[in-house]
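Please look at the sequence and the model shown here, and then read the short report that follows.

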Amino acid sequence: MKRILLIMLVLGTITIQAQTPEAKLIKEFDAYVEKSRKQYQVPGLAITVVKDGKVLLKKGYGVRQLDKPDAVNDQTLFACASTTKAMTATCMAMLVDEGKISWDDAVIKHLPDFQLSDPYVTRDLKIRDLFTHNSGVGNTDFLWGVMDIPSDEVLSRMKNVPPSYSLRSSFIYQNIFYLYAGKVIEKVSGSPWEVFIKKRIFEPLGMTRTYPHLQMVNDANQSSEHYWVDGKITVISRTNADAIGPAGSVWSSVDDMSKWAICMLDSSKYAGGRLVKPTTWAELFKPQVIVPADEFYPTAQLTKPNWTTYSLGWFQQDYKGKKVNFHTGSLAGETAINGQLPESKLGVYVFGNLDHAEVRHALMFKAFDVFALGGTRDWSSEFQMLYTKLGQQYEQKQKEQDLQRIPNTKPSLALTEYAGKYASDLYGEVIVTADGTSLNIAINHVVNAKLDHWHYDTFSGWYDKRWGGKTKVQFKLNTAGRATTLEVEGMEFTRVP
């Protein structure tokens, strides 16, 4: 009888513990995550929530690849993409602690071959500026998105990029300057970025399933990429960001990301010590530049921040009177978000395998509400409505552009006369070939499209990787009536004789 009573007492204790307020919140949030995943039709998702130095939730949802049974778990590998940037900034912070570099050193002091198109910016750009997207150089993702060239050549071509605005006067998101940061880390430390980050961050934190480059990943438990193509979710080929590694090439699992999140919430402490000094850690999160509204996330239309800034590898805003540090990561068919509510010691990391599924933002803000700030807003539904509306506006603009087409025109030349090689010191080369009533273009042997006549000397068609959408190519003729210039996606190429 006593034994039965003891068993009942133990079972009663377990039941009481399972129904603690925290456990109830975790259970409700867990259900919200799965509901949201289905709402956004994301095939697979993984999330971790950490608070006060411990993991509250660490779980996978859905499948690694559509129409296959393999489930996502907390060990499944996803692309960290641009959430890598905070890690690269922390690597530089370690060298600052060691006295090997200063945030305000000129880049050219450590990279003598550093050269941009503006001599003044070349001389004056600081190490700090590499992390804050205010160099004056606009987006240059074409250097790795439509080219297959090594990192050194990517950097070499930067001297051909004209400035978009004056140094430190504005903000335009820039991946390539994080590649420069990686080169500085290598020059100052003597170790390539991918070796440094592994030895100085991943190994100390016990992040055994985190890889600096995609080429290092050889594991069956990894997610596939998905994209909406012709109204259907489709598995697509993988994007490789290794050429700009320090900007976005890390691969990891939510199990490992929970370790990173806890470390960066607690002034970079981990079981064996700390990554950087407390003052250096604070510098990483100090606002460096104001982010204008048109360069911030559309989510601000609903969260309504009073201020938006960027620190060293983190976007920032206020939410319910509290500071938020966060950063998204996006590669074709892959998403991530890393968010902090530092005052509450609360962190969230979300991976997904559907292109730009903004459920990531919804789950971050929902976690802030559930585990710290209170509130019952259904962020998944609200953000879905917001992004659906934005998508509709984009489609309307596309339709309006199509209405600009002038009917019943003909090309100025026979299609074979457009064929040839067009080149640019900055953008590489385009090979144009005639194919019956169409033109084929091959940009740097990486991106291909089949084009039909649109009007006059403009041709339009789909990229062969259909998730890339459609493009328009305009040919310009000289006074002799010969096609001498080709323009595609804002890139201009000159015909090679």
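## Cysteines

A disulfide is a pair of cysteine sulfur atoms within 2.5 Å. The sulfur of Cys 80 lies 13 Å from the closest cysteine sulfur, that of Cys 91, which is too far for a bond. The sulfur of Cys 91, in turn, is 12 Å from its closest cysteine sulfur, in Cys 263, again too far for a bond. By this rule the count is zero disulfides.

Cys 80 is buried, with a relative accessible area of 0%, where buried means under 20% (exposed is over 50%, and partly exposed is in between, with a 1.4 Å probe and protein chains only). Cys 91 also counts as buried, at 0% relative accessibility.

## About the model

This is a predicted model, in which local features need pLDDT of at least 70 and side-chain atom pairs count only at pLDDT 80 or more, while totals for chains, interfaces and linings use all residues. Residues are numbered from 1 along each chain as its sequence is written, and side-chain values use heavy atoms, with hydrogens and water left out.

## Helix 3 and helix 11

Ala 86, Met 87 and Thr 90 of helix 3 meet Met 257, Trp 260 and Met 264 of helix 11, where contact means heavy atoms within 4.5 Å.

How values were computed
Helix = DSSP H or I, 4+ residues; strand = E, 2+ residues; numbered from the N terminus.
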